[in-house]
Amino acid sequence: MTDADSIRHVPHASPTSAEARRALMQNPGFGKVFSDHMVTFTWNAEKGWHDGEVKARAPFAIDPAAAVLHYAQEIFEGMKAYRTKDGIVLFRPEENARRMAQSAERMAMPPVPEDMFIDAVETLVRTDADWVPEGDGSLYLRPFIFASEAFLGVRPALQYIFCVIASPVGAYFKGGYKAVTVWVSDDYTRAAPGGTGAAKCGGNYAASLIAQAEANRNDCDQVVFLDAAEHRWVEELGGMNVCFVMDDGRLVTPPLGGTILPGITRASVLLLAREAGLRIEERPYSFEEWKADAESGKLREAFACGTAAVVAGIGEVRFNGGSFTIGNSGDGPVTGRLRDALVGIQRGTAEDRHGWVHRV
Ligand code: PLP
Ligand code: COI
């Protein structure tokens, strides 16, 4: 690292007026409204990460031969800044930094050191503090790295850009915390053993879009992927992990075996659930078991969890040729309690016993 520790402030010529910002933030939805600034760093083999800047958010000028446009060498993170009574906070940002470094390793990209990652995110949040919503909203932060080198040979690129942008957001699902409906994909899988399933790379999402579109055509909010080898084991949703709450106090969730994303929400919820007295089983759970447990009533609740979605109950499962409901098809009590416990910590209304909250 050379001057990665310092981020140069480039003055913004025409930031959004307070009035326009308030209008944009009224009902922002998810990922449609963007704050005024972005942080960027450049990487090359000689200098490492350098030229850190916080400046007006603007389009990149990249070469048409930039490797990312051809071979998809790109990774990203997703995290949120919350406005609390004690100021603006991040939730476990060092976990996002660590996961981005692991994604970088898998995609043969240069990792961003943890201190540089946190400095970049904090700098953007401080600069765009007015864009952190009040109330239930949050400022969604999107750090990402892409290969910017102009070269069509297939090998790890020799130039990269690291960038952080920010977007004020409300609920990910349009129904808020109403239970969601999911579609189990028959035709498509997300990641195979040895593949990129545990990395947060853009290509995983590109490959999931056709399955997500199929889910939407079937009036479902999210797609559920089964494993690639046997097409039997539940893995995760298009953009979140999944957990199952049983009638005997067990919480079952698919294990991290390299084919699913190691969610920070998942890890946090599992710990909170264990502390609440649930018995955690990280083990393969098949679609047949899911259906049989839902039909027998052994499965009381299921929920999706992730930064964007937070913790969302799953009320109904649809698949080619049928469907089943879970519990009373609503957002169940255990799901609600786990969400409240997590959100309470994130929003500073519950004690942060694990040191998860990071003040900006
Ligand atoms: N799985 C996928 C495929 C995701 O895109 C996400 C969201 O980032 C998650 C799981 C949950 O991860 P996290 O809780 O760290 O946001
Ligand atoms: C997130 O929860 O941060 C995600 O990345 C999910 C989706 C918006 C891609």
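Keep in mind that the model is predicted, so local features need pLDDT of at least 70 and side-chain atom pairs count only at pLDDT 80 or more, while totals for chains, interfaces and linings use all residues. Residues are numbered from 1 along each chain as its sequence is written, and chains are lettered from A and ligands numbered from 1 in the order in which they are written.

Start with the domains. The chain is assigned domain 1 (8-169) and domain 2 (180-347); such bounds come from an automatic or database domain assignment. Where they meet, 19 residues of domain 1 are in contact with twelve of domain 2 (contact: C-beta atoms, placed from the backbone, within 7 Å). On the domain 1 side, eight of these residues are nonpolar, four polar and seven charged (Ala, Val, Leu, Ile, Met, Phe, Trp, Tyr, Cys and Pro count as nonpolar, Asp, Glu, Lys and Arg as charged, and the others, Gly among them, as polar).

Now find ligand 1. The residues around it include G78, E236, N241 and R266 (near: C-beta atom, placed from the backbone, within 6 Å). Helix α6 (residues 264-275) gives the most to this shell, three residues (helices are DSSP runs of H or I, at least four residues, numbered from the N terminus).

Helix α6 also packs against a partner: S268, V269, L272 and A273 in α6 meet L338, A341 and L342 in α8. Sorted by class, that contact has six nonpolar residues, one polar and no charged.

Notes: Contact = placed C-beta atoms within 7 Å. Helix = DSSP H or I, 4+ residues; strand = E, 2+ residues; numbered from the N terminus.
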